[in-house]
Amino acid sequence: MSDHHPTGIKRWLFTTNHKDIGTLYLWFSFTMLLVGGAMAMVIRAELYEPGMQLVEPNFFNMMTTMHGLIMVFGAIMPAMVGFANWQVPMMIGAPDMALPRMNNWSFWILPFAALMLVMPMFMGGDFMQGQGPAFGWTFYEPLSGQYNKLAFFIFAVHLLGFSSIMGSINIIATIFNMRAPGMTLMKMPLFVWTWLITAFLLIAVMPVLAGAVTMMLTDKYFGTSFFDAAGGGDPVLFQHVFWFFGHPEVYIMILPAFGIVSQIIPTFARKPLFGYASMVYATAAIAFLSFIVWAHHMFTVGMPVAGELYFMYATVMIAVPTAVKVFNWTATMWKGSMTFETPMLWAIGFVFMFTIGGFTGLMLGVAPTDFQYHDTYFVVAHFHYVLVTGALYGIIAGVYYWLPKWTGNMYSEGLGKLHFWLSTISVNVLFFPQHFVGLEGMPRRIPDYNPMFADWNAISSLGGFVFGASQILFLVIIIMTIRGGKKATDQVWEGAEGLEWTIPSPAPYHTFETAPEVK
Amino acid sequence: MSASKTIKMLSRLLCTALLFGPAVAFANEGYDLNLQPGVTEVSQMQFDLHMLVLWICTIAGIGVFAVMIYSIIAHRKSKGAVAAQFHESTTVEVIWTVIPFAILVAIAVPATKGLLLLESNDKADVNIKVTGIQWKWEYDYIDEDGVKFISQLPQAQEEARKLGSGTDVTTVKNYLLEVDNPATSDDTTDGYIVVPEKKRIRLLITAKDVLHAWWVPALGVKRDAIPGYINESWFYAEYREGEDNIYRGQCAELCGKDHGFMPVVVKVVKQADYDAWIAKQKSAASASAAADTQTFTMDELMKRGEQVYNSSCAACHQPNGEGITGAFPAIKGGKISTGDMAGHINIVVNGKPGTAMAAYGDQLSKADIAAVITFERNAFGNDKGDMVQPSDIK
Amino acid sequence: MSDSKYYLPEPSHWPLVGSIGLFVTTFGFAFALLNYNAPVEEGGGTIGNLMVMYIGMAIIAFMMFGWFGTVIRESEAGKYNAQVDTSFRMGMMWFIFSEVMFFAAFFGALFYIRQLSIPWLAGEGNNAMTNELLWPSFDGGWASDGKAMVSPNPEAYPTPKAVVGAWGIPLVNTILLIASSFTCTFAHHALKKDARSKMITWMIVTLALGFIFLGFQIYEYSHAINDLGLTLSSGTYGSTFYMLTGFHGAHVTIGAIMLTIMTLRMIKGHFTPKNHFAFEAAAWYWHFVDVVWVGLFIFVYVL
Ligand code: HEA
Ligand code: HEA
Ligand code: CUA
Ligand SMILES: [Cu+2]
């Protein structure tokens with residue numbers, strides 16, 4: 001196996017290598033995490049005390065909006081695609097992704113899309129008044145239609161969608177077409193399965209999002225009236241189209257994390273994953289259900305009551321397959337022989353806290369009470385538990401798990417554990433109190449609030465600053481590992497199983513140029 | 001917040017974070033951690049259902065977490081645990097699929113009942129049309145001729161909430177949860193929605209420009225206000241002796257720059273007080289109609305106009321008339337406000353569809369529109385010197 | 001099909017060129033649309049200068065020539081084995097699936113508007129008060145109920161004189177497009193039998209049908225705009241009509257361009273009875289466009 005590869009900037013610009021592209025995705029994602037996180041810090045700083053201290057209201061709305069968009073489309077999704085690029089070929093014994101040039105294109109659209117998204121913040125008027133998108137990451141019409149640089153936002157979404165669709169096509173083609181002989185579908189590692197299903201979700205819903213923004217474009221600039229009652233349209237139609245994308249989108253962000261955790265727990269429990277087949281079916285069931293529950297984000301828009309009942313029933317049903325997953329992870333740990341290296345800590349943190357977020361999701365799914373929770377910080381608490389301590393924890397767990405394979409070096413176990421404990425304590429200080437202020441009645445997306453919410457907001461902000469600072473530690477650990485450290489063995493982890501652990505660490509530039517035999 | 005209080009709160013938080021269970025116990029003791037039961041049948045139903053599901057989740061959580069924690073403690077390699085190799089069991093898989101399903105069915109039954117109550121559609125006694133406008137509410141008592149008014153954050157709080165206002169907002173009473181009717185800014189309770197007790201109040205909720213949501217937690221009502229459509233909701237409240245019977249809420253749907261500053265206040269009164277209030281509103285309405293036929297002097301117009309400008313226009317066009325570049329045009333030296341009079345009247349009366357500039361023709365009285373236009377044309381150094389009278393407004 | 005190894009391309013600059021092209025195109029368009037914010041007296045309210053967008057499109061065209069050229073060379077050089085071929089097939093299949101979902105968004109909007117929002121604005125369901133208080137003069141209905149397509153607010157969204165009937169040009173177009181799907185398949189069969197002149201003939205027939213379809217479509221648009229006063233701003237009927245038929249027309253155009261290129265390659269002697277994926281991809285696309293049209297014919301014109 002040759003380890004020859006191009007060098008210099010061209011290596012990264014023109015690469016067709018899945019590992020290079022995976023690396024690009026992961027660094028892009030990390031950068032975006034810092035940018036989106038910095039915006040979250042602005043949000044938490046403004047909310048530290050009642051009264052307006054730091055920013056103008058519209059700037060605050062812009063921070064909320066850009067934070068949500070950047071985290072979802074810039075940090076979480078590209079990180080997951082980065083994992084897919086690195087791991088899927090190595091896990092199924094493929095020499096590379098099925099369509100390597102298109103793979104490069106999928107990545108290189110992203111920075112341009114991000115540029116398109118953030119550019120309007122710096123265009124026109126007074127920066128401090130917030131010139132960028134300020135209509136929430138859900139960009140509901142008609143508020144978004146009032147925005148005078150809407151076209152930039154719309155095309156940013158088009159580009160993001162284009163990138164995701166091509167990336168997903170590639171992943172599906174790779175998984176269906178590039179498996180080593182003997183690697184049957186039901187032998188695939190669970191991470192590969194979750195990505196297969198995620199990619200399907202992406203191809204199904206990203207075009208719908210593209211359709212939604214296209215209708216916004218023509219409504220604003222070309223006289224159509226999809227979302228304007230005066231012409232027979234309906235602003236709520238926008239929400240239906242958006243959430244038909246948006247709800248599957250949240251599972252797009254969590255399913256690969258499920259996959260990562262399903263790789264890590266068996267490794268450190270030294271015991272095969274419990275209920276492999278039911279894990280696969282549960283993932284498929286979640287994906288299927290995710291298409292038919294979207295309007296649980298819209299209980300208060302005034303749907304006919306039959307619709308509300310249907311969406312309530314369908315929504316709470318998702319708890320069943322998700323429960324299967326949680327129980328399977330627990331059963332995998334049961335009677336295992338567990339050790340608690342850093343990836344395992346993050347994975348266990350994931351299982352605990354994702355479950356808390358899932359429970360609040362269930363509460364939100366119960367329509368009559370959602371009328372109280374909706375658009376309050378209770379929702380914010382819910383989705384940060386599933387997104388930060390869910391998706392992001394999954395990502396961090398995966399980075400610690402595979403970093404030795406990628407770099408050939410072990411990270412510092414002591415620092416890794418410090419990172420975990422700092423993050424896990426602070427993240428709960430950050431998001432748990434948001435349940436309380438939400439139930440007390442604090443709406444989301446507000447820059448200022450009545451002093452009765454002050455105490456918990458201050459606590460939450462303090463937690464946020466510590467959590468933010470802990471991620472700097474993460475950056476330091478990664479850089480230290482890349483630059484050196486104890487050499488990793490090929491298998492890296494005592495309990496690790498799978499093709500990626502049979503190749504050297506660091507993984508050579510080209511792997512499995514001749515397909516391995518899988519028994 | 002003092003340091004000792006911070007520590008107290010932090011330790012309480014840690015307890016709750018570690019043990020979801022005590023959170024519920026805390027919640028019941030009025031630590032302000034929980035949903036409030038509210039004062040209507042619907043809000044109490046919501047509270048009960050909330051507690052039911054919260055308890056179910058808590059118990060399920062304790063169950064799952066207990067097994068995991070036990071396993072983490074007992075089945076660790078450092079304790080010499082040897083890994084078992086079992087990895088499937090159809091029986092347990094079926095059991096733990098069926099149990100959550102059964103729990104969900106148990107939740108669905110009261111939830112269905114609750115939803116049907118919340119959406120019930122009986123005949124109402126009082127009908128109020130509620131219109132969300134960037135960033136205020138308009139209330140129209142459609143059964144009572146002429147009882148229609150705007151309700152928005154009082155001017156004093158508008159000042160206090162400004163960036164760098166220097167006001168300690170913790171000293172402001174009902175900060176961001178108080179309203180005022182800008183047309184009669186003398187009495188700060190004038191923007192309240194006053195309703196009679198023991199009557200079914202029907203809210204007909206809509207919006208002028210973008211989405212808003214009308215929300216009063218204690219009444220159990222939250223409903224989106226959608227331009228071009230009317231959403232219905234309702235409540236039924238009793239007068240509570242010895243309490244102020246005032247219920248506060250906020251706009252609950254992002255509606256642009258000042259979404260955070262769009263409060264709602266409802267006051268429940270005895271029937272007799274309601275009748276008196278309606279009578280007072282009606283006489284105020286006829287007084288304002290009378291003003292619409294009057295002719296004013298320049299000074300009168302400017303004075304009235306300044307007031308209207310500050311309460312209705314300054315949120316966007318800014319108190320100094322300079323607007324916000326890129327979003328809200330300047331009135332100071334503005335093309336329209338120093339241009340042709342007809343164009344100026346037109347944009348104020350009819351607004352500009354698709355932008356935040358609303359049609360003020362049906363929000364302000366003719367006298368107010370005339371005054372504010374006159375003000376805009378002569379303030380901020382515009383000095384056009386011309387005047388608009390209510391009779392000029394069509 | 002000589003190489004047994006899966007062909008992995010060398011690093012390539014085409015994707016980056018493509019990304020830049022996409023960026024310049026969309027940026028140029030967005031920038032021109034900023035002109036809408038300018039005051040009308042200064043030429044605002046319309047699309048501004050589109051030069052930058054055209055430059056972007058030129059970059060994309062350049063990328064396509066370069067990239068596809070590379071692919072064609074590699075293919076003709078026999079670098080692609082059967083497995084690579086399968087990857088291409090899957091890529092195209094899933095791409096078409098994504099296109100289906102794109103159209104689904106617009107069809108969904110059409111169904112929603114017809115089945116829900118228009119009846120609601122006319123007072124159905126729990127929306128009696130919507131009609132009574134906000135749109136008292138609106139009584140709903142859709143073109144196929146024989147209604148004039150009046151918007152709730154006809155001043156903002158003017159009423160067209162009439163709507164487009166189904167049984168004239170649209171019916172003819174349906175027949176043309178279905179026929180072209182068949183002729184395209186005949187060309188495929190001829191290719192598989194290596195009957196090359198027959199194949200080229202059928203391709204030309206297919207293309208002719210496609211272009212006639214487009215011609216009729218353009219004619220119909222000009223009729224609708226000029227004679228019927230039906231535009232994008234004729235309320236939701238105009239919106240859904242033009243969005244669906246417009247995007248379909250754009251897809252027919254793309255499909256026709258793909259088939260034209262395939263025909264040219266055939267004339268140049270490309271493709272073998274066994275190895276002709278590029279042609280098949282274009283043909284799939286053509287069938288997809290055809291199926292969408294049938295959906296359009298039923299839901300936009302007939303029902
Ligand atoms: C990774 C992302 C993610 C995930 C996985 C979920 C998971 C779930 N979400 Fe969440 N959600 C979001 C991201 C996510 N959500 C976001 C971003 C928003 C806000 C969007 C916005 O408005 O900006 C949101 C908002 C949101 C709402 C709208 C709230 C509102 O605005 O009013 C609702 C309502 O139903 C909801 C429900 C659920 C449910 C039922 C689940 C279920 O999948 C959870 C299932 C899991 C469990 C239930 C726990 C495990 C189960 C057991 C241990 C078994 C025991 C179970 C029983 C008691 C039966 N979510
Ligand atoms: C997808 C993932 C994701 C992630 C990872 C996060 C991470 C965080 N989010 Fe959020 N968030 C969303 C998705 C996400 N979020 C979404 C979708 C919304 C809704 C938007 C909307 O309403 O439209 C939202 C909204 C949202 C709100 C509500 C805003 C409002 O309603 O007005 C808040 C408020 O506290 C918040 C906070 C945070 C914090 C403190 C973090 C932290 O975890 C971030 C930690 C990371 C860092 C801090 C980066 C690393 C550090 C630095 C860059 C150095 C600077 C550090 C210091 C100065 C200490 N987020
Ligand atoms: Cu009105 Cu938010
Ligand atoms: Cu959802």
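Predicted model: local features only at pLDDT ≥ 70, side-chain atom pairs only at ≥ 80, totals over all residues.
**Entry 1: chain A against chain B**

I began with the extent of the contact, to which chain A brings 107 residues and chain B brings 105 residues. The two chains bury about 9000 Å² between them, and carbon and sulfur atoms account for 71% of that area.

I then looked up the polar links. I found 26 residue pairs in polar contact between chain A and chain B, with both residues of a pair at pLDDT 80 or more. On the side of chain A that touches chain B, several helices give two or more residues, including H3 (57–92), H7 (235–269) and H14 (413–440). Helix H10(A) gives the most to this side, with 10 residues. By class, I noted 62 nonpolar, 30 polar and 15 charged residues on this side of chain A.

I recorded one salt bridge between the chains. It joins the side chains of A:Glu494 and B:Lys77, at 2.8 Å from N to O.

**Entry 2: domains of chain B**

I noted three domains in chain B: domain 1 (34–118), domain 2 (127–291) and domain 3 (298–392). The C-alpha centres of domains 2 and 3 of chain B are 25 Å apart. In their contact, 16 residues of domain 2 meet 16 residues of domain 3. The buried area is about 1200 Å², with 48% from carbon and sulfur atoms. B:Lys208, B:Lys257 and B:Ala291 supply 29% of the area that domain 2 buries here, more than any other three residues.

I also found B:Lys208 in a salt bridge with B:Asp362, at 3.6 Å from N to O. On the side of domain 2 that touches domain 3, I noted five nonpolar, five polar and six charged residues.

How values were computed
Residues numbered from 1 in each chain as written. Chains lettered and ligands numbered in written order. Heavy atoms only, no water. Contact = heavy atoms within 4.5 Å. Buried area = accessible area lost by both parts, 1.4 Å probe. Salt bridge = Lys/Arg side-chain N within 4 Å of Asp/Glu carboxyl O. Polar contact = N/O pair within 3.5 Å; in protein donor to acceptor, adjacent residues only side chain to side chain. Helix = DSSP H or I, 4+ residues; strand = E, 2+ residues; numbered from the N terminus. Nonpolar A, V, L, I, M, F, W, Y, C, P; charged D, E, K, R; others polar. Domains from an automatic or database assignment.
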